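Hello,

Here is the structure I promised to pass on. Please open it first; my notes on what turned up follow below.

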Amino acid sequence: MKKEDKAALISTLKETISSYSHFYITDASGLNAEQTFKLRQNCFKSDIKLMVVKNTLFQKALEELECDYSSLFDTLKGSTAIMFCNNGNAPARLIKDMKKTLNDKPELKAAYVQECFYIGANQLDTLIALKSKEELLGEIIGMLQSPMQNVLSALQSGGNTIHGVLKTLGERAE
């Protein structure tokens, strides 16, 4: 590969890394064509961009970015596929589902999620349990709405109770 081609590829990788908030470094080696197609298809359905890159080029792209990604460099060995996404736990769920049917592949090497590094395949369950910003906001809104709904229902039922008492007293007076 020519030096100009490598520089262009590194530039493209830097743009891709910058445009997504999370990425997973995985090993998808050993998959046949059908399994690779199924993996790519599931990534597309889950809004995950899957790229197979050379380790040295990906490392150079990471080095040129502002953040310090040096703790991920040890995982860049062997065959490497990168999963880019904006939902932090979507690739983890996909990996776990795919491992059930594809002979324990793809395997998680490392992940950069919510500005934290997760190294090793044993971090998969931790990554699945992470909640996205939208999920956390939904839970907070739900918790805030619950007391308000209780107060409103109490007021509404209290109004019905008072109305019933007044109606009963009005009927007795006759």
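M143 is exposed, at 58% relative accessibility (exposed is over 50% relative accessible area, buried under 20%, partly exposed in between; 1.4 Å probe, protein chains only). M143 sits in helix α6 (helices are DSSP runs of H or I, at least four residues; strands are runs of E, at least two; both are numbered from the N terminus).

Two notes on the source. This is a predicted model, so local features need pLDDT of at least 70 and side-chain atom pairs count only at pLDDT 80 or more, while totals for chains, interfaces and linings use all residues. Residues are numbered from 1 along each chain as its sequence is written, and side-chain values use heavy atoms, leaving out hydrogens and water.

**Surface patches**

M143 belongs to a nonpolar surface patch with I140, L144 and M148. Together they have about 440 Å² of accessible area (Shrake-Rupley, 1.4 Å probe; for residues, only the protein chains shown count as cover). Patch residues have over 30% relative accessible area and no salt bridge; like charges are joined within 9 Å, nonpolar side chains (Val, Leu, Ile, Met, Phe, Trp, Tyr) within 5 Å.

K3, K6, K54 and K60 make up a positive patch. Lys and Arg count as positive, Asp and Glu as negative; His and chain ends are not counted. Each charge is placed at NZ of Lys, CZ of Arg, CG of Asp or CD of Glu. K3 lies in helix α1, residues 3-19. K3 is exposed, with 72% relative accessible area.

**Core**

The largest nonpolar core holds 23 residues, and Y24, L39, M83 and L127 have the most contacts inside it. Two or more residues each come from α2 (33-45), β3 (81-85), α4 (90-101), β4 (107-113) and α5 (124-129). Helix α4 gives the largest share, five residues. A core here is a set of buried Ala, Val, Leu, Ile, Met, Phe, Trp, Tyr and Cys residues joined through side-chain atoms within 4.5 Å.

**Salt bridges**

There are three (a side-chain nitrogen of Lys or Arg within 4 Å of a carboxyl oxygen of Asp or Glu).

- K14 and E64 meet at 3.0 Å, N to O. K14 is in α1 and E64 in the loop between α3 (55-63) and β3, 50 residues apart. K14 is partly exposed at 26%, and E64 is partly exposed at 47%.
- D27 pairs with K105, closest N and O atoms 3.2 Å apart. D27 is in strand β1 (22-27) and K105 in the loop between α4 and β4, 78 residues apart. D27 is buried at 17%, and K105 is buried at 18%.
- K96 pairs with D125 at 3.1 Å between the closest N and O atoms. The bridge links α4 to α5, across 29 residues. K96 is partly exposed at 36%.

**Backbone**

Two residues other than glycine have positive phi. D47 is at about 60 degrees, in the loop between α2 and β2 (49-52). D47 is exposed, at 62%. Q114 is near 50 degrees, in the loop between β4 and β5 (116-119). Q114 is partly exposed, at 37%.

G164 is in helix α6, residues 133-172. E15 and S146 are 131 residues apart in sequence and 42 Å apart, C-alpha to C-alpha.

Best regards
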